[in-house]
Amino acid sequence: MIGIILSALAMTVIVGVRYLIASGAFAWATKWRHPTLYSGLNAQIGREIGWSLASAAIYGVPAGVVAWGWQNRGWTKIYSGVGTYPLWYVPLSVLIYLLAHDAWFYWTHRWMHTPRLFRVAHAVHHASRPPTAWAAMSFHPWEALTGAVVIPALAFMIPIQISALAVVLSIMTVMGVTNHMGWEVFPRAVVHGPLGKWLITATHHQRHHAEYRGNYGLYFRLWDCLCGTDKGLGSFDSAHSSLGSARGGSPSR
């Protein structure tokens, strides 16, 4: 029991530090690219950091259980040997995890937009108006719990090599931060090209925060397209004006 507790504490610290490094790096990039974009948002950013560090603890507990169970009991489907499964399975497992996570996120996120759950939990995330690079994990504890269980649950069910799992977690972190930082980091050829029709970037997710409806996905536009909730791309033609309108928008759902 002590081992599980220590593992959960260690993972909480790791998740918290990972958040501070990733969000801090993209916040610095924002200050360099758009020096005044976060002007006047110090109080909001402080709240985002507070909620995000609380979320880190919620994410850290199941992650700690997975890490302890993998190392000490062999409970999970995580493996370290490269030859345990065919090499082609390594990238396939990354895609499987991303698709499964994306499906879970779409439906729980859409569920969070029902009026009662929005008021109780999801309003914390949408209180960031506009969201910043620090808002990636700014969740009410109930919402953080729905996000914290999915990757650990997959680790008990679907085999994945440890380095591939690290890739999944890195993609999750980078996408979570870049989709909220208020400007588009990906080239126009990606966002408006064939790849952009399937991938979610800040330009797509910005419209969700501006209109409070549609564009519920995390990595891919698949479920939004299938369910008729894809509202298309927002606009960062003028990042300052688009974020300014988001500050004054109404939370209609």
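Q: At roughly what angle do the axes of helix 1 and helix 2 cross?

A: Before the angle, a word on what you're looking at. This is a predicted model, where local features need pLDDT of at least 70 and side-chain atom pairs count only at pLDDT 80 or more, while totals for chains, interfaces and linings use all residues. Residues are numbered from 1 along each chain as its sequence is written, and side-chain values use heavy atoms, with hydrogens and water left out. Helices (H or I, at least four residues) and strands (E, at least two) are DSSP runs numbered from the N terminus. Axes are lines fitted to C-alpha atoms, for helices over the stretch in contact, and angles run from 0 to 180 degrees between N-to-C directions. Here, the axes of helix 1 and helix 2 cross at roughly 140° and come within 6 Å. That makes helix 1 oblique to helix 2 (under 35 degrees is roughly parallel, over 145 roughly antiparallel, 65 to 115 roughly perpendicular, and the rest oblique). The crossing of this pair is right-handed; a crossing is left-handed if the near helix is turned anticlockwise from the far one by less than a right angle, and right-handed if clockwise.

Q: And how do helix 2 and helix 6 pack?

A: Their axes are 9 Å apart, at an angle of about 20°. Helix 2 and helix 6 are therefore roughly parallel to each other, and their crossing is left-handed. To see who meets whom, look for contacts (heavy atoms within 4.5 Å). From helix 2 (residues 42-72), Pro-62, Ala-63 and Val-66 meet Pro-152, Ala-155 and Phe-156 of helix 6.

Q: Is Ser-52 buried or exposed?

A: Read that from relative accessible area: under 20% is buried, over 50% exposed, and anything in between partly exposed (1.4 Å probe, protein chains only). Ser-52, a residue of helix 2, counts as buried because its relative accessibility is 0%. Leaving aside neighbours within four places in sequence, Ser-52 is in contact with Tyr-19, Trp-134, Met-137 and Ser-138.

Q: Which residues of helix 5 are buried, then?

A: Glu-143, Ala-144, Thr-146, Gly-147 and Ala-148. These buried residues pack against helix 2, helix 3, helix 4 and helix 6.

Q: How many salt bridges does the rule give?

A: The rule asks for a side-chain nitrogen of Lys or Arg within 4 Å of a carboxyl oxygen of Asp or Glu. The count comes to two. One joins Glu-211 and Arg-207 at 2.8 Å, N to O. An α-helix has 3.6 residues a turn, so residues three or four places apart point the same way. Glu-211 and Arg-207 are four residues apart in helix 9, about one helical turn. Glu-211 is partly exposed at 29%, and Arg-207 is partly exposed at 25%. Another bridge pairs Arg-221 with Asp-230 at 2.9 Å, N to O. In that pair Arg-221 is buried at 11%, while Asp-230 is partly exposed at 22%.

Q: Which residue has a positive phi of about 60° although it is not a glycine?

A: That's Tyr-212. Tyr-212 sits in the loop between helix 9 and helix 10 and is buried, with a relative accessible area of 3%. Asn-215 is in the loop between helix 9 and helix 10 too, with a positive phi near 55°. Asn-215 is buried, at 0%.

Q: Where is the cis peptide bond with omega near 5°?

A: It runs from Arg-129 to Pro-130. You'll find Pro-130 in the loop between helix 4 and helix 5.
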